[in-house]
Amino acid sequence: MPKKLKSKTQKARRTRQETKPQSLTPNLQFMGTGLSSDDLKKGKVCTTYWIGDTKYAWDRGIAIGKYLEGMKHGKILGVECHKCGRKMVPPRIFCEWCFKPIDNWIELFDTGTVNTFSLCYVTWDMQRVKNPIIPAVIEIDGASKGMGIMHLLGEIDPKKVHIGMKVKAVWKSEKEREGAITDIKYWKPVK
Amino acid sequence: MAMKERLTKADEAKPWYGELPVESLYTAGIAGEKFFRSIQEKGVFLGSKCHKCNMVYVPPKIYCEQDFEKLEDYVEVADCGSLESFTCVHIGLDGKRLLEPMIVGLINLDGASTSIVHMLGETTVEELCMGMRVCAVFKPKNKREGAITDILYFKPTKQ
Amino acid sequence: MGNRVAIVGAGMTKFVRRAQETGKELCYEAAKMALDSCDMNLDQIDAVALGTAPDTFDGVHMKGEYLSDGAGAFGKPYMRSYVGGGTGVFSVAQGWYHIASGLMDTCLVICEEKMSSYRPHPQGAFLTIFDHTTERPLKPNLLWIFALEMNRYMSTYGLRKEDIALVAVKNKNNALDHPCAQIAKAVTVKDILNSEVLAWPVQRLDVSPVSDGAVALILTNETIARRVTNKPVWIEGVGWSLETSYWTNRDLCYPRYVEEAARMAYKMAGVTCPRQQIHVAEPYDPFDYKELHHMEGLMLCGKGEAPQMTVDGITQRDGELPVCPSGGLLGVGNPIAAAGLMKVAELFWQLRGEAGKRQIARKPKRGVAQAWGDLMQVGTVVVVGI
């Protein structure tokens, strides 16, 4: 359990204290007209609404293409830089530290350690969800220290999630796998 | 360095498909509010006049972009003007051919220093020429909502 | 390092949740106020440096071009810079090198954001910061990344939420004295701990609000500065630095990129002991823990020591090292790029003794402002002094 921090000073200045202006302050006039959401609903001001139609097809690229192909076979692939020796995941075709090409592919484990996590109760458009989604950064076993990926935790009581916890990937069945990050359904704790 | 791997068939690329949720609500702004309300309520175009350089901005701005004066003098300009340029659009936003081509014009209203872009109607491209007189055709007042679409289009008029 | 550059004027709009003004109009109001504050006009401005964050907020592509007339860029060398949330402070560096290089004598620096245009919630504009193939299929939202970082920070140093909440209490209370503040409401630690949990450990009041607003500064070389004001505020150092964009491969507990940016700026400013030589700090505080994170990155204290400094009251406005006396993003509001520039404007007013009710009594001589952005990986730092 984290300890309560105690103030070392005699009086912790937690309350706001009035400070007097030290010199003549020019009389500044700030512009800006605030609207309430009601103002918009009731059409108090003229507005234009626009719904964009944005569809994309993002190429997976060389490194991520191969990474996802590995996922299809139930494997997590990484790369190793010859120069700095880092074993990296997600894989990349160049080391961003050494700026050298990489073609040394390695197979990593599908287990790891929770580096950090969150219990998320809202969606991107701020709608509440009842059961928290548990995103985590998971450091993958077999990669260099600190090499994590973002994924989700499951099969666990949210109250029991903790940093440093060992977890294992729960894969979709071979038939269901399509070469996507979602081929791993989530990560569950291991004893 | 040459490309390390090359795709020979397009479907090998296996892209990840996705969408961006993009919706926007734009306010007309301080000057825009005056402009659109005037069209909605009176069918009158407003501009803002810079007393330093005599520019009349239509649609109005709260500032003169040339000398940065604050503009507070809103003046009425005519709903007719001269056609500065025009084009005929045959392709829609989705890249497909439009059933009815659309004529778009640049109109300099009488009394304004700047031009506005809008549709041209009740005419054909063959009839149009630069410098020709055009006038605004508004929606009926009860259908107007304080937007640029309160003007249906501009149509040519006899001099 | 190059010609001396001074800040001679500042202006800003109120920060509001939804502005009736268009982005251009917000820019104009801030720019006009800045020019008027030092009795200059647009003819005397050689170049304009604009900073604004993603186009998606305003819903206008090529936002730099769109805002240009309101930013006073008509017929002038003009460029928009964009490093995500770090933009506001970076734009000062952009203005600085225009003048330090001798290319320009004066430069108007202006930052704008109109986040309210984005529907249904501006968070949507951030969805694409996550990798489209390896992360977006997991349906992440922006809060995840901060919650993950905050949890890592708390766990590494064994911190409680109560102690981190003190930052939000301080900043929101400081903002009561800011005439532009969006949220002028006194809060207590209890209020923060009782606010809605969004993505634990992040709760509603740990987060700065979504805002519309614009801020502008006038930068000049020494000759002009001496002519237009008797209280120039000198830009003593600028710095910026990036971390890897593989955010899940990074040390989430310590902002090394902020340290690197700070080292660059401090070196230029001749600051060797930041804790002694910096009298007021405006680190970026979109979330309460970020102020602590950034104080450590700015080397105003050792790693993991910022919470204790906060508990001790050192960072209060009347403390030894006031931090975010403006009220910061948590209190004044967070129109991304404009919020960063607001921090530099605050130092300008504080160092000149013009901060009104917010004035630090101890007559600060040197201050540091910092912002952070992109994928939590860019640090931008400006040191100013009189």
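Buried means under 20% relative accessible area, exposed over 50%, and partly exposed in between (1.4 Å probe, protein chains only). This is a predicted model, where local features need pLDDT of at least 70 and side-chain atom pairs count only at pLDDT 80 or more, while totals for chains, interfaces and linings use all residues. Residues are numbered from 1 along each chain as its sequence is written, chains are lettered from A and ligands numbered from 1 in the order in which they are written, and side-chain values use heavy atoms, with hydrogens and water left out.

Start with C:Glu282 and C:Lys343: both are buried. They form a salt bridge (a side-chain nitrogen of Lys or Arg within 4 Å of a carboxyl oxygen of Asp or Glu), with the closest N and O atoms 3.0 Å apart. This pair links distant parts of the chain, 61 residues apart: C:Glu282 sits in strand E10 (residues 280-282) and C:Lys343 in helix H14 (residues 336-352) of chain C. Helices (H or I, at least four residues) and strands (E, at least two) are DSSP runs, numbered from the N terminus.

Next, select C:Arg317 and C:Asp177, again a buried pair. Their salt bridge has its closest N and O atoms 2.7 Å apart. C:Arg317 is in the loop between helices H12 (306-311) and H13 (328-331) and C:Asp177 in the loop between H6 (161-174) and H7 (189-194), so the pair ties together parts of chain C that are 140 residues apart in sequence.

Now hop to chain A. The side chains of A:Asp38 and A:Lys42 meet in a salt bridge at 3.0 Å, N to O. Here A:Asp38 is partly exposed at 34% relative accessibility, and A:Lys42 is exposed at 65%.
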